[in-house]
Amino acid sequence: MHKVKKLFGTDGVRGRANSAPMDSETALALGRAVGALFRNGHARHRIVIGKDTRLSGYMIETALASGVCSMGADVWLVGPMPTPGIAFIAKSMRADAGVVISASHNPYHDNGIKFFDRDGFKLSDEQEHRIERMVATNFAGVTRPTGDGVGRAHRIDDADGRYIQFLKEVFPHRFSLSGLRLVVDCANGAAYKVAPSVFEELGAEVIPVGTDPDGLNINEGCGALHPERMCALVKKVKANAGIALDGDADRIIMCDENGTVIDGDVIMGLAAIDLKRRGRLAHDTLVATVMSNLALDQAMAREGITVERTPVGDRHVVTRMREGGFTLGGEQSGHLVFLDYNSTGDGIVGALRVLAIMQREEKALSQLTNIFEPFPQICLNVAVSQKPQFTTIPEISRTVAGFERELGNSGRLVLRYSGTENIARVMVEGKDASRIQAMAQDLVGILNTHLS
């Protein structure tokens, strides 16, 4: 009896490149599994594979493609492409699935593999479990084709152009970005070609940053993880706004003309208010995660907008959006999901929606984003060597329960493990900044004692 090893975390399979599970052997097996999973009776089924700019992408791409072809599927290779671009290409070209090789915001030495179905949505838990079972059982009972049944690999040369044209259609035709100066930081990642082209073709003057990937510098001191570079440049060149993407461009952080950072909560709130006032916010509801600031809920309530909360992860956000028929959701970290336009978080779509609001209102970004005063919030990471349930450790349980009683309805405490790294995350939010800082530090000390 084979034990099914869990490969998938909160966002696909991820780890240190060239070490299990992010090695060639596992990538080959995952390619075989996704090829088998999406067999659908076609003479040839087709799977799109894209990647970001990490050096290890070449290694993993080759192994994945080999596995897919070995199951009789044809592979369409698109090269470096934002994660939401792969979701779009897979859907628009009627592929059976899409695969992205990326570790998103992680350093270059990590990599990951995530999958989309033919509709551009991330796989369900059940589909992920089926893949894990196939890998664990060495594909017992799964037949492999021979002869002319083996798949072929092709390269899609116009994938960038297809995605750029789609993105331009997101921006209202009656508006133009002419006269706007934008700093666009692509994090030396997957959007290094696409993003500057989109904003330039819509008329903006673009000052590009992070558009010289060398395989090793993705997310390094730039992009959404390090917006200070973008902010400084916006002030220096007197730009109208700054746009910072992460390595696979599925999340965004912006800054206004003064170099003030605008996080995902504010962008979500701004977009929700705009849609609500124009009668286009489905069910007058915004979907956010447990990490979003409590002040967002209060600001939305003043506008007659309900905020629904999900666990962390854009897949949870999208799942709830589809269940409830909602069209706007996202995360404080900058994953923004506009289901009217794309099936997953898309940083460039998010930026275009903000720029459209600026044009519609004829206001500077700083005049639009003062929609709420965030509650003080402390977020700390703790390196851990194990991930037991927090409730199994009495000191942690007692401390958390005591702090939650103290915070009451005027604050929140979230304690969770990262799904992609060996880290515990501590978030405390409340009205008294010094007190929540003390609470967070107390929890960090306890976690270090029990989990390091």
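**Note on the predicted model**

1. On conventions, residues are numbered from 1 along each chain as its sequence is written, and side-chain values use heavy atoms, with hydrogens and water left out. Since the model is predicted, local features need pLDDT of at least 70 and side-chain atom pairs count only at pLDDT 80 or more, whereas totals for chains, interfaces and linings use all residues.

2. Strand 2 (residues 45–51) is mostly covered, with 6 of its 7 residues buried; helices (H or I, at least four residues) and strands (E, at least two) are DSSP runs numbered from the N terminus. Strand 2 pairs in the parallel sense with strand 3 (residues 73–80) over 7 bridges, two strands being paired if DSSP finds at least two bridges between them. Within this pairing, glycine 50 has glycine 79 of strand 3 as its bridge partner. From strand 2 the chain passes through helix 2 (residues 57–70) to strand 3, in a β-α-β crossover that is right-handed, that is, with the strands pointing away from the viewer, the path from the first strand over the helix to the second runs clockwise.

3. Strand 2 also pairs with strand 4 (residues 97–101), again in the parallel sense, over 5 bridges. In this pairing valine 48 stands opposite glycine 98 of strand 4.

4. A further sheet is open, has 5 strands in the order 8-7-9-10-11, and shows mixed pairing. Its edge strands are strand 8 and strand 11 (261–262), each of which pairs on one side only. Strand 7 and strand 8 pair in the parallel sense over 5 bridges, and valine 183 stands opposite isoleucine 207 in strand 8.

5. The aromatic pairs number 6, counting rings of Phe, Tyr and Trp (its six-membered ring) whose centres lie within 6.5 Å, with planes under 30 degrees apart taken as stacked, over 60 as edge-to-face and the rest as tilted. One of them joins phenylalanine 8 and phenylalanine 115 in a tilted arrangement, 6.0 Å centre to centre and with 55 degrees between the planes. This pair links distant parts of the chain, 107 residues apart, with phenylalanine 8 in the segment before strand 1 (13–16) and phenylalanine 115 in strand 5 (residues 110–117). Both phenylalanine 8 and phenylalanine 115 are buried.

6. Phenylalanine 88 and tyrosine 163 form another tilted aromatic pair, at 6.1 Å centre to centre and 35 degrees between the planes. Phenylalanine 88 belongs to helix 3 (residues 83–92) and tyrosine 163 to helix 5 (residues 159–170), so that the pair links parts of the chain 75 residues apart. Phenylalanine 88 is buried at a relative accessible area of 16%, and tyrosine 163 is buried at 0%. Phe88, Tyr163 and Phe166 form one aromatic cluster.

7. Two arginines are placed over rings, a charge being taken to sit over a ring if NZ of Lys or CZ of Arg is within 6 Å of the ring centre and within 35 degrees of the ring normal. Arginine 32 lies over the face of phenylalanine 139, at 3.9 Å from the ring centre, while the charged end of arginine 322 sits over the ring of phenylalanine 121, 3.6 Å from its centre.

8. In helix 6 (residues 194–201) the buried residues are Val194, Ala195, Pro196, Val198 and Phe199. Their cover includes helix 5, strand 7 (181–185), strand 8 (205–209), strand 9 (241–245) and helix 11 (347–361), with contact meaning heavy atoms within 4.5 Å. Just after helix 6, glycine 203 takes a positive phi of about 110 degrees.

9. Asparagine 422 lies in the loop between strand 17 (412–417) and strand 18 (423–429) and counts as exposed, at 55% relative accessibility. Leaving aside residues up to four places away in sequence, asparagine 422 touches Val382, Ala383, Val384 and Lys387. The C-alpha atoms of asparagine 422 and alanine 383 are separated by 6.0 Å, although these residues are 39 residues apart along the chain.

Terms used
Buried means under 20% relative accessible area, exposed over 50%, partly exposed in between (1.4 Å probe, protein chains only).
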